[in-house]
Amino acid sequence: MSLTGCGRRMEAVFSAVFALCFLASGVHGDSLTVLQAPDFVSFQKGDWPVSGEKIPDLVAVTMGFSVKEDLSWPGLQAGPLFQRPRANVLVVVRGVDSLALPQSVASYPLENPVPFTLDSVAETVHSLFAEDTPVVLQLAPSEERLYMLGKANAVFEDLPVTLQQIRARLSQDGSVLSSLPLNSLSRNAEADLLFLSEVQVLHDITALLQRHRHLAKDHSPDLYSLELSGLEELKRLYGQDSPQYRDATAILASVLQKFGEDVYGLYGNSAVVEVVTVKTFETPLTRKSRSILESKQISNPGSPYNLAYKYNFQYAVIFNIVLWLMIILALAVIAISYNLWNMDPGYDSIIYRMTNQKIRMD
């Protein structure tokens, strides 16, 4: 009995020590980290959790757009009405719950990590700034999923998309292989190449933006959404405690830090850069794909979102002209009707006055 009780007490002690070590190691759950943000987008530091399904609404609010439901989250305060960031960059990293990003604006725990997309924000940008052709780029290199809209079609036409193209890019001059400390990562393993390919895509995006600096000077906001799953594949293949996974985590943290600083500087310190780290999503992300040969009739053939026909930007002027003209005409009709109702035919109307004189003469 005494040996059994002693064994149970020892087990409880080891459990408590393990729990304390776990908490002291700084391991947290999934997180949302704001790498860069202008002064007029006020993120408050705190531990307020944000739900994964609210990330698109959060991105929309930071860009100055309205959302269907109020975002009652104290981590973001209302900013100036007439100022909006020139770009919003959201990077989703799968396979890790947090990254060592020392230079960040704020970090928040992420709860309910369900899959999400920024399609609704992309539709808003496209509908409000269709004539200005903003840059909308949504990219997932591991799934070879790419969506470009507006000026992105011309700027990122040379961006490697498929895994075969990215691996060919890694063998060219100026690739990240010549500048990164690979350590335990191999250039021949498939999982390692997938991770390095995603790092190469981040490098190429900043290089193309530096080549087209005029994008940051227009009046339309740009939207970037990137999904990286190379760490998730390394974790599945080597394990979380493997040197490959630790080296890849350190490399990605430093690359993302530099990526955020470069984009923030290219947009004149007027860009919001967020990083969402999630070990795994609770439900699989299903996306509805459409074939380019599909002959579905839509209301507006020129719109990829099946939107209604776009009205002219002079709509507000025309609306005010019609509105105030109708109000003036209505007031005129009321005034005329009132005067006609209260007029004296014998004094106010020449017709009745002459008719009255003619009757007296007869």
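This is a predicted model: local features need pLDDT of at least 70, side-chain atom pairs count only at pLDDT 80 or more; totals for chains, interfaces and linings use all residues.
Two strands count as paired here if DSSP finds at least two bridges between them.

Select strand 5 (residues 87–94) and strand 10 (residues 271–278), which run parallel and are joined over 8 bridges. Within this pair, show Val89: across from it in strand 10 stands Val273.

The open sheet has 8 strands in the order 3-6-1-10-5-9-7-8, and its pairing is mixed. At the edges are strand 3 (50–51) and strand 8 (145–149), each of which pairs on one side only.

**Helix 2.** Next, select helix 2, which packs on the sheet. Its contacts are with strand 1 (31–36), strand 3, strand 5, strand 6 (106–111), strand 9 (222–228) and strand 10. The direction of helix 2 makes about 155° with that of strand 5.

**The second largest pocket.** Of its 19 lining residues, Val61, Gly64, Ala78, Gly79 and Pro80 lie nearest the centre. The lining is made up of 12 nonpolar, 6 polar and 1 charged residues.

**The second largest cavity.** The model has 3 cavities of 30 Å³ or more. By class, its lining has 5 nonpolar, 1 polar and 1 charged residues.

Technical notes. Residues are numbered from 1 along each chain as its sequence is written. Side-chain values use heavy atoms; hydrogens and water are left out. On a 1 Å grid over the protein atoms alone, a cavity is a set of points where a 1.4 Å probe fits but cannot get out, and a pocket is an open set with protein on both sides within 12 Å along at least five of seven lines; lining residues have an atom within 4 Å of a point. Ala, Val, Leu, Ile, Met, Phe, Trp, Tyr, Cys and Pro count as nonpolar, Asp, Glu, Lys and Arg as charged, and the others, Gly among them, as polar. Grid points are joined across faces, edges and corners, and a volume is the space filled by probe spheres set on the points. Helices (H or I, at least four residues) and strands (E, at least two) are DSSP runs, numbered from the N terminus. Contact means heavy atoms within 4.5 Å. Axes are lines fitted to C-alpha atoms, for helices over the stretch in contact, and angles run from 0 to 180 degrees between N-to-C directions.
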